Amino acid sequence: MTKRVVQQIRFCQTTLALLFPMRLGHTVDKDTLLELLWPNYDLSKGMPQPYTAIYLIRQTLKRSGIKTVTINKGNLETGYKLTVESSLIDVDEWEKRLAQLASPSRDNIADYEQTLAMYSGDYFGEYERERLRRLWLQLAKKMNRFYQEKGMLAEAIQVNERIQLLHPLDEDCYFSLMQLYDAMNDPASVEEQYELLATRWEQELDSAVNEDISNWFQARKEKQYA
């Protein structure tokens with residue numbers, strides 16, 4: 001498969017994901033497409049938009065020689081259904097790989113790392129985006145527990161830093177990092193994480209840090225300066 005064909009396939013996958021944010025094989029009605037992609041259009045005037053978009057995607061697929069991806073009218077012609085035969089869809093491949101993972105061990109932790117790294121960004125469509133983000137977060141937290149149980153503190157720190165980037169309001173990763181840096185006798189990083197958590201909670205949630213975390217941090221400071 002040439003580089004040009006691969007680029008065309010990726011373009012089509014991205015475009016199709018925009019138009020079909022639901023699961024493959026399900027009919028998406030025209031009103032839903034209008035609300036998702038053209039929310040400012042009047043329903044009575046907006047129908048040319050999906051017609052034009054579907055036409056352009058079909059032409060792109062045809063020019064690219066991709067015959068395994070088709071867009072058909074759904075039941076009673078109320079919408080459209082995306083059908084994918086042998087083409088690879090990144091999110092489906094990622095979920096298959098995720099489902100095949102056994103409990104983390106030293107023998108398969110590299111597979112966990114590869115699966116975690118395969119998640120390159122948020123999926124289109126609110127429901128799918130949140131569902132996949134939760135799956136990724138569960139995977140990352142499972143790896144964090146494994147690394148901590150095995151005393152692999154540097155690896156645990158890396159996982160929690162990745163969680164922090166994708167889920168900046170997940171307080172568990174901040175607390176894990178505080179505890180990990182404390183175990184590594186790095187008080188400056190402990191304080192940095194606490195201040196970062198406190199700042200984000202105040203700015204984003206207009207809230208104070210969780211009392212348990214705050215108590216742990218204060219007890220640690222008192223012990224440090226005792």
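**Loops, helices and ring pairs**

Modeller: Asp206 is exposed, with a relative accessible area of 70%. Keep in mind that this is a predicted model.

Colleague: Where is Asp206 placed?

Modeller: Phi of Asp206 is near 50°, a positive value in a residue other than glycine. As for its place, Asp206 is in the loop between α10 and α11.

Colleague: Does Asn185 count as buried or exposed?

Modeller: Asn185 also has a positive phi in a residue other than glycine, near 55°. The residue is placed in the loop between α9 and α10. The cut-off for exposed is over 50% relative accessible area. At 68% relative accessibility, Asn185 therefore counts as exposed.

Colleague: What is the secondary structure of the protein?

Modeller: Along the sequence the pattern reads α-β-α-α-α-β-β-α-α-α-α-α-α-α. In total this comes to eleven helices and three strands.

Colleague: What percentage of the residues in the protein is buried?

Modeller: The protein exposes about 14,000 Å², and carbon and sulfur atoms supply 49% of that area. Among contacts with a separation of 6 or more, residues 24 or more positions apart account for 55%. Of the 226 residues, the buried share is 36%.

Colleague: What span does helix α11 reach from its first C-alpha to its last?

Modeller: Helix α11 covers residues 211-224, which is 14 residues. At 1.5 Å a residue the expected span is 20 Å, and the model comes close to that. The reach from first to last C-alpha is 20 Å.

Colleague: Within what arc do the buried residues of α11 fall?

Modeller: The buried residues in α11 are Ile213, Ser214, Phe217 and Arg220. Seen down the axis, they line one face of the helix, because they fall within an arc of 130°.

Colleague: Why would such spacing put residues on one face?

Modeller: An α-helix has 3.6 residues a turn, so residues three or four places apart point the same way.

Colleague: Which exposed residues sit on the face of α11 turned away from its buried side?

Modeller: The buried side of α11 is covered by elements that include α9 (171-183) and α10 (187-205). The face turned away from that side carries Glu211, Asp212, Glu222 and Lys223.

Colleague: At the start of α11, which residue has a side-chain oxygen that reaches the backbone nitrogen of Asp212?

Modeller: The approach is to within 2.8 Å of that nitrogen. The side-chain oxygen belongs to Asn210.

Colleague: How far apart are the C-alpha atoms of Lys221 and Pro187?

Modeller: Lys221 lies in helix α11 and is partly exposed, with a relative accessible area of 26%. Along the chain, Lys221 and Pro187 are 34 residues apart. Their C-alpha atoms are separated by 9.0 Å.

Colleague: How many aromatic pairs does a search of the whole structure find?

Modeller: The search of the whole structure finds four. One of them is formed by Tyr174 and Trp201, edge-to-face, at 6.2 Å centre to centre with 75° between the planes. This pair links helix α9, which holds Tyr174, to helix α10, which holds Trp201, 27 residues apart. The number of aromatic pairs found is four.

Colleague: What is the angle between the planes of Phe175 and Trp216?

Modeller: Phe175 and Trp216 form an aromatic pair with 5.4 Å centre to centre, edge-to-face, and the angle is 85°.

Colleague: What arc do the buried residues of α6 cover around the axis?

Modeller: In helix α6 (residues 109-118), Ile109, Tyr112, Thr115 and Leu116 are buried. They are on the same side of α6, because the arc they cover is only 115°.

How values were computed: Residues are numbered from 1 along each chain as its sequence is written. This is a predicted model: local features need pLDDT of at least 70, side-chain atom pairs count only at pLDDT 80 or more; totals for chains, interfaces and linings use all residues. Side-chain values use heavy atoms; hydrogens and water are left out. Helices (H or I, at least four residues) and strands (E, at least two) are DSSP runs, numbered from the N terminus. The expected span of a helix is 1.5 Å times one less than its number of residues. Buried means under 20% relative accessible area, exposed over 50%, partly exposed in between (1.4 Å probe, protein chains only). The arc is that of the directions from the helix axis to the C-beta atoms. Contact means heavy atoms within 4.5 Å. A polar contact is a pair of N or O atoms within 3.5 Å; within protein, one must be able to donate a hydrogen and the other to accept it, and residues adjacent in sequence count only if both atoms are side-chain atoms. Rings of Phe, Tyr and Trp (its six-membered ring) pair if their centres lie within 6.5 Å; planes under 30 degrees apart count as stacked, over 60 as edge-to-face and the rest as tilted. Accessible areas come from the Shrake-Rupley method with a 1.4 Å probe; for residues, only the protein chains shown count as cover.
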